[in-house]
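Keep the sequence and the structure in view as you read.

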Amino acid sequence: MSEKTKIGIIICNRYRTCAGGKCLRALKNREGAFSLYAETGVELVGYTTCDGCPGGNVEYTGEEMVKNGAQVVHLATGMLVGYPPCPYIETFKNFLEKRYGVKVVVGTHPIPKKYLDLHTSLGTWEAAKWEPLLAPTLADEATREAYN
Ligand code: SF4
């Protein structure tokens with residue numbers, strides 16, 4: 001196995017009490033956005049929240065994660081599936097990439113079926129900008145069902 005990729009995860013503060021169950025399961029199984037590491041090792045070097053709108057902790061935690069060796073920062077799937085989705089996803093991604101030279105992937109665990117169904121009925125993700133943001137975590141129907 002090649003060298004491990006070090007990653008950090010930033011979650012939406014609306015889910016601050018989350019113990020990371022779905023993210024850690026997906027990381028272990030290399031599902032959702034973690035399928036990127038299907039052929040490599042991966043090590044989690046940081047996990048925290050944005051600390052609430054408008055995400056003031058992203059600046060601090062980005063620096064801390066990179067100091068800890070993070071090569072990739074994942075913005076958790078909760079930022080996509082919350083009601084409403086986080087309005088700062090692209091801001092966080094651009095900031096972290098430019099400020100720290102780190103790769104940013106939007107998403108962690110596969111999108112649960114119930115969220116895809118509701119957001120589809122609400123029309124949340126109709127704009128073209130959502131397609132690349134959702135792509136890493138869309139998964140297949142059986143996987144979405146398994147993460148419900
Ligand atoms: S919506 Fe965005 S800025 Fe607000 S708490 Fe969630 S991740 Fe943070």
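**Fold and ligand shell**

From the N terminus on, the protein chain runs β-α-β-α-β-α-α-β-α-α-α. That comes to seven helices and four strands (DSSP runs numbered from the N terminus: H or I of at least four residues for helices, E of at least two for strands). The model is predicted: local features need pLDDT of at least 70, side-chain atom pairs count only at pLDDT 80 or more, and totals for chains, interfaces and linings use all residues. Residues are numbered from 1 along each chain as its sequence is written.

**Overall shape**
- The C-alpha trace spans about 40 × 35 × 30 Å along its principal axes.
- Of the 148 residues, 35% count as buried (20 or more other C-beta atoms within 10 Å of the residue's own, with C-beta atoms placed from the backbone; exposed means 12 or fewer, partly exposed in between).

**Ligand**
- The residues around the ligand are C12, N13, R14, C50, G52, C53, P54, G55, M79, C86 and Y88 (C-beta atom, placed from the backbone, within 6 Å).
- By class, this shell has seven nonpolar, three polar and one charged residues (Ala, Val, Leu, Ile, Met, Phe, Trp, Tyr, Cys and Pro are nonpolar; Asp, Glu, Lys and Arg are charged; the others, Gly among them, are polar).

**Helix α2**
- Helix α2 covers residues 57-67, and its buried residues are V58, T61, G62, M65 and V66.
- They fall within an arc of 135 degrees seen down the helix axis, so they line one face of α2 (the arc is that of the directions from the axis to the C-beta atoms).
- Exposed Y60 and K67 sit on the face turned away from the buried side of α2.
- G69 follows α2 and has a positive phi, near 100 degrees.
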